[in-house]
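Let's take a walk through this model together, one piece at a time. Have the sequence and the 3D view open as you read.

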Amino acid sequence: MNAAATSPLSNAPIKVLLADDEGLVRSGFKVLLDLEEDITVVGEATNGAEAVERARATRPDVVLMDIRMPKMDGIQATAQIAETRGLEQVRVLILTTYDTDEYVFDALQAGASGFLLKDAGPAELLHAIRVIAAGEALLAPRITRRLIGQFTARRTAARAAEDRLAVLTDREREVLALVGQGLSNHEIGAELFLSPATARTHVSRAMAKLGARDRAQLVVIAYQTGLVSPAM
């Protein structure tokens with residue numbers, strides 16, 4: 001099951017909080033996740049407000065967050081979790097139906113680490129949780145490009161890209177562009193003839209300089225600034 005390397009702590013299971021207003025959806029996820037030795041469900045929430053409350057109480061590694069929920073939607077809940085002291089290590093994996101949800105871009109800006117289509121298969125869901133828990137983001141770069149490309153093209157094309165990227169070195173710009181294309185640290189290293197550790201350092205520096213919470217927000221910035229285009 002490739003459990004050891006992906007858990008946030010060496011031998012600790014990945015703690016998951018389920019946030020969805022549909023009981024059958026939560027039950028289905030819980031049955032699936034409970035079968036995995038390296039994943040444990042630590043709580044459930046029926047709306048965004050409950051998700052924030054449960055996150056504070058359980059300190060999960062990953063929150064599976066539906067977007068459309070009563071009282072407080074998933075985007076607002078994601079933003080609150082991202083801004084809450086003590087929850088800096090909590091990663092939010094947004095659940096979306098793609099064809100109807102035009103909120104994925106907003107969710108990433110709010111602090112989500114990635115997203116998953118609701119019709120994804122069990123293996124894809126498990127992979128997504130492990131990837132997000134390990135500190136990576138956006139498990140499906142091809143879908144990421146399509147979604148972010150749609151919304152950034154019409155909403156952020158006129159932003160002052162050069163001013164925003166001026167804080168980066170040329171190498172950091174190259175790395176940011178590759179992060180935007182969905183490449184991992186190993187793939188970035190291979191592309192630029194760097195070690196994975198050096199690639200990771202450049203990614204970390206770009207995040208710090210641009211005020212990005214994680215790799216997901218770096219992807220957003222890469223699209224916002226035109227460093228990466230939907231056609232790439």
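**Starting at D66**

D66 touches A19, D20, D21, G74, L95 and K118, leaving aside residues up to four places away in sequence; a contact here means heavy atoms within 4.5 Å. Before going on, note that this is a predicted model, where local features need pLDDT of at least 70 and side-chain atom pairs count only at pLDDT 80 or more, while totals for chains, interfaces and linings use all residues. Residues are numbered from 1 along each chain as its sequence is written, and side-chain values use heavy atoms, with hydrogens and water left out.

Back to D66, which is found in strand β3. Helices (H or I, at least four residues) and strands (E, at least two) are DSSP runs, numbered from the N terminus. Is D66 buried or exposed? Its relative accessibility is 5%, so D66 counts as buried; buried means under 20% relative accessible area, exposed over 50%, and partly exposed in between, with a 1.4 Å probe and protein chains only. The UniProt record, an unreviewed entry, puts the annotation "modified residue: 4-aspartylphosphate" on D66. UniProt positions are given in the numbering used here, feature names are shortened, and annotations may be inferred rather than shown by experiment.

Now step back to the whole protein chain. Its secondary structure comes to eleven helices and five strands. Of its 232 residues, 50% are buried. Take the contacts between residues at least 6 apart in sequence: 68% of them join residues at least 24 apart.

Next stop, helix α2, which spans residues 48-58. Its buried residues are G48, A51, V52 and A55. Why do they sit on the same side of α2? Because they cover an arc of only 100 degrees around the axis, the arc being that of the directions from the helix axis to the C-beta atoms. Among the elements that cover these buried residues are β1 (14-19), β2 (39-45), β3 (62-66) and α3 (74-83).

N47 caps the N-terminal end, with a side-chain oxygen 3.0 Å from the backbone nitrogen of A49. That is a polar contact: a pair of N or O atoms within 3.5 Å, where within protein one must be able to donate a hydrogen and the other to accept it, and residues adjacent in sequence count only if both atoms are side-chain atoms. After α2 comes R59, in the loop between α2 and β3.

Backbone angles deserve a word here. Most residues other than glycine have a negative phi. The phi of R59, though, is positive, near 50 degrees. R59 is partly exposed, with a relative accessible area of 38%. K71, in the loop between β3 and α3, is not a glycine either, yet has a positive phi of about 70 degrees. At 77% relative accessibility, K71 counts as exposed.

Finally, move to helix α8 (residues 170-180), which packs against α10 at an angle of about 95 degrees, with the axes 9 Å apart. That makes α8 roughly perpendicular to α10, a label for angles of 65 to 115 degrees (under 35 is roughly parallel, over 145 roughly antiparallel, the rest oblique). Axes are lines fitted to C-alpha atoms, for helices over the stretch in contact, and angles run from 0 to 180 degrees between N-to-C directions. On the α8 side, the contact is made by R171, E172, V175, L176 and V179, and on the α10 side by A199, H202, V203, R205, K209 and L210.
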